[in-house]
Amino acid sequence: MRGEKLLLSIILISVGFNVLQTSYGQHLSEEPCSVQILVPGLKGDPGEKGEKGAPGRPGRVGPPGEIGQPGLKGQKGIMGHYGKMGPSGMKGEKGDMGDPGPRGPNGEPGVPCECTPLRKMIGEMDILVAQMSSELKFIKNAMPSPAAVAGIKETDSKVYLLVKEEKRYSDAEVYCQMRGGHLAMPKDEAANAAIAGYIGEAGLSRVYIGIHDLDREGLFTYVDRSPMTTFSKWRKGEPNNAYDDEDCAEMVASGEWTDVACHPTMYFVCEFDKDSV
């Protein structure tokens with residue numbers, strides 16, 4: 001009886017296996033796929049601690065924080081350098097006249113003398129003072145800055161004024177004309193020597209003088225349009241119109257003339273008629 005049951009079980013298993021195999025084969029032919037079930041294993045032991053990694057990139061700058069409380073007041077610093085002196089203030093009004101002082105004692109009586117020589121001396125001194133006053137007034141009227149005037153030279157008929165203020169040729173001539181004269185025009189040896197001596201005494205090497213050929217190239221004339229027919233003092237080889245740009249004239253300390261360009265700035269000598277000073 002036991003053997004029959006075992007045989008029957010074997011037959012059933014065999015039949016079931018065949019049915020299962022047939023069904024599985026059909027399934028594979030229709031849908032080629034497989035199903036696998038993965039079962040995780042047991043949790044392993046923790047590994048060793050790894051090395052420290054490289055630092056990451058800097059993050060973005062965060063938003064500014066709130067304004068903190070003001071700090072404590074610092075100690076007073078050392079005194080700084082004195083600043084430049086400011087401009088002078090406006091001139092104040094003239095004050096009231098003070099009370100007259102007490103009368104002084106009488107002087108000693110004078111001694112008798114011959115007054116004629118003294119009167120003559122006083123007369124000569126008055127003439128000298130008047131001449132000096134006239135020259136001083138002339139210098140003050142000649143320039144806004146009398147310190148730029150290097151003195152006055154006189155001949156029998158002319159007064160020469162050396163102006164130590166650099167100007168271009170045309171500006172120098174305008175300057176002299178506005179004061180009743182012209183740039184110096186040496187028309188004889190005496191006048192030329194006086195101007196040359198003037199230049200040397202002032203420690204200068206050259207000045208503009210009133211000679212040019214601006215009206216006609218190569219034909220030099222004085223600034224008052226008078227022709228140069230009786231006197232000239234050109235240095236050897238001058239005038240040469242170098243660079244086609246030398247239409248004005250200068251005098252050097254030796255008294256010689258050279259033609260120069262009109263646009264550079266330099267000192268100059270003004271000439272005035274003595275009767276008009």
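User: Helices (H or I, at least four residues) and strands (E, at least two) are DSSP runs, numbered from the N terminus. In what order do the elements of the chain run here?

Analyst: Starting at the N terminus, the order is α-α-β-β-α-β-α-β-β-β-β-β. That comes to four helices and eight strands. This is a predicted model, in which local features need pLDDT of at least 70 and side-chain atom pairs count only at pLDDT 80 or more, while totals for chains, interfaces and linings use all residues. Residues are numbered from 1 along each chain as its sequence is written, and side-chain values use heavy atoms, with hydrogens and water left out.

User: Thanks! What share of the chain's residues count as buried?

Analyst: Of the 277 residues, 23% are buried. Buried means under 20% relative accessible area, exposed means over 50%, and partly exposed is in between (1.4 Å probe, protein chains only). The chain exposes about 22700 Å², with carbon and sulfur atoms supplying 57% of that area. Accessible areas come from the Shrake-Rupley method with a 1.4 Å probe, and for residues only the protein chains shown count as cover.

User: And what share of the contacts join residues at least 24 apart?

Analyst: It's 64%, taken among contacts between residues at least 6 apart in sequence. A contact means heavy atoms within 4.5 Å.

User: Which strands does strand 6 pair with?

Analyst: Strand 4 (residues 206–212) pairs with strand 6 in the antiparallel sense over five bridges, and Val 207 stands opposite Met 251 there. Strand 7 (residues 257–260) is also antiparallel to strand 6, joined by four bridges, with Cys 248 opposite Val 260. Pairing here requires that DSSP finds at least two bridges between the two strands.

User: What sits between strands 6 and 7 in that hairpin?

Analyst: Four residues lie between the strands, and in this hairpin Gly 255 takes a positive phi near 95°.

User: On to the core. Which residues have the most contacts inside the largest nonpolar core?

Analyst: Phe 268 and Cys 270, in a core of 37 residues. Strand 2 (158–167), helix 3 (169–178), helix 4 (189–201), strand 4, strand 6, strand 7 and strand 8 (266–273) each supply at least two residues of this core. For the term itself, a nonpolar core is a set of buried Ala, Val, Leu, Ile, Met, Phe, Trp, Tyr and Cys residues joined through side-chain atoms within 4.5 Å.

User: What does Phe 268 touch?

Analyst: Setting aside residues up to four places away in sequence, its contacts include Leu 161, Leu 162, Val 163, Ala 172, Tyr 175, Cys 176, Leu 183, Val 207 and Tyr 208. Glu 165 and Lys 167 are also among the residues that Phe 268 touches.

User: Switching topic: how many salt bridges does a search of the whole structure find?

Analyst: Eleven. A salt bridge is a side-chain nitrogen of Lys or Arg within 4 Å of a carboxyl oxygen of Asp or Glu. Lys 158, Glu 271 and Asp 273 are linked in a network of them.

User: Where does strand 6 come in, say with Arg 206 and Glu 250?

Analyst: Arg 206 forms a salt bridge with Glu 250, with the closest N and O atoms 3.2 Å apart. The pair links distant parts of the chain, as Arg 206 is in strand 4 and Glu 250 in strand 6, 44 residues apart. Glu 250 is buried because its relative accessible area is 6%, whereas Arg 206 counts as partly exposed at 37%.

User: Which parts does the Glu 189 and Lys 233 pair tie together?

Analyst: Glu 189 and Lys 233 form a salt bridge with their closest N and O atoms 3.4 Å apart. Glu 189 lies in helix 4 and Lys 233 in the loop between strand 5 and strand 6, so the pair ties together parts that are 44 residues apart in sequence. Glu 189 is partly exposed at 41% relative accessibility, and Lys 233 is partly exposed too, at 27%.

User: Last one: is Thr 221 buried or exposed?

Analyst: Thr 221 counts as buried because its relative accessibility is 14%. Thr 221 lies in strand 5 (residues 221–222). Leaving aside neighbours within four places in sequence, Thr 221 is in contact with Gly 210, Ile 211, His 212, Ser 226 and Met 228.
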